[in-house]
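Subject: Structure handover

Hi,

Here is the structure I promised to pass on to you. Please open it alongside this message, and my notes follow below.

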Amino acid sequence: MFPFAKRPASQMPQADNPYWMSFSDMMSGMLIIFILVCITLLFKLSQMVEQVTANVEELRTSSRVRSAILEDIYNLLAEQGIEVIINEDQTILRIPEESFHFKTGEFAIQEELRSTAEKIGRAIHTAITRDKRWQYLDTVFVEGHSDSRKAPNYRMGNWELSALRAISLWQFWTEETDYGASMKELRNREGKLLFSVSGYAATRRVAEVEDSEDAMRKNRRIDIRFTTRQPSIMEMQDVIKPLQ
């Protein structure tokens, strides 16, 4: 009888081959990779949530500080018998014509109203500089507004007149008061000058229909608009990056 021939070593089961990976080993490896990917994604999502939360909280804080600034100005002026108005969303301090005004067709500050102008500017400066509140603001606009009647003495009509009135008040604050130098140099967090001046003619009316002298009087005014710092594009990109 012939002895049974042994199977060559090369034909032995592949379990002895160190380079061979079973199906279960492959699944285990894929599961580990999946878990690591999930952990990484959760970490990035957590970072995004933290950044968004921080931005939202900063916006809320800025809004609260702005409201506090407006309320302080209102109270400081009320103590001196000067009436101002805070708009509904607490972003604008409105100086009505009854408290401060210009002569028809003119932009120079009247002598009898210089004291009022000085007190209004001082209240604004005091409220903004208290506890370095200006750091929460982006821009403070000194805005001139007119009624819709034509201003014939100005080449650009009411646009020019309303702008010159705002400029006149701003120059008075910065050039003829003891707080002017400080007010002029205030800067926001980005290092840009805090105050800006503009004129809107009759494009942003309080009384939409000017059918009476009272309606036109409401539209002739100076507004001080306070805007808060918003997250920059770069900051928003930092939020999006973890998802990419």
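Predicted model: local features only at pLDDT ≥ 70, side-chain atom pairs only at ≥ 80, totals over all residues.

Let me begin with the helices. Helix 2, residues 114-129, packs against helix 3, residues 157-175, at an angle of about 75°. Their axes lie 10 Å apart. Since angles of 65 to 115 degrees count as roughly perpendicular, helix 2 is therefore roughly perpendicular to helix 3. On the helix 2 side, the contact is made by R114, A117, E118, I120, G121 and I124. Helix 3 contributes L169, F172 and W173. Sorted by class, the contact of helix 2 with helix 3 has six nonpolar residues, one polar residue and two charged residues.

Next, the aromatic rings. How many aromatic pairs does a search of the whole structure find? The answer is three, and I describe two of them here.

One of these pairs joins F100 and F102, with 5.2 Å centre to centre and 80° between the planes. The arrangement is edge-to-face, because planes over 60 degrees apart count that way.

Another edge-to-face pair is formed by F107 and Y154, at 6.5 Å centre to centre and 65° between the planes. At 33% relative accessibility, F107 counts as partly exposed, whereas Y154 is buried, with a relative accessible area of 14%.

Finally, a look at the backbone. Most residues other than glycine have a negative phi. Which residues are worth a look here, given a positive phi without being glycine? K132 is one of them, with a positive phi of about 55°. You will find K132 in the loop between helix 2 and strand 3, and at 49% relative accessibility K132 counts as partly exposed. A201 also has a positive phi, near 50°. A201 belongs to the loop between strand 4 (195-199) and helix 5 (213-219). With a relative accessible area of 6%, A201 is buried.

Happy browsing, and do write back with any questions.

Best wishes

Conventions
Residues numbered from 1 in each chain as written. Heavy atoms only, no water. Axes fitted to C-alpha atoms, helices over the stretch in contact; angles between N-to-C directions. Helix = DSSP H or I, 4+ residues; strand = E, 2+ residues; numbered from the N terminus. Parallel < 35°, antiparallel > 145°, perpendicular 65-115°, else oblique. Contact = heavy atoms within 4.5 Å. Nonpolar A, V, L, I, M, F, W, Y, C, P; charged D, E, K, R; others polar. Phe/Tyr/Trp six-rings, centres within 6.5 Å; stacked < 30°, edge-to-face > 60°. Buried < 20%, exposed > 50% of the residue type's maximum accessible area, 1.4 Å probe, protein only.
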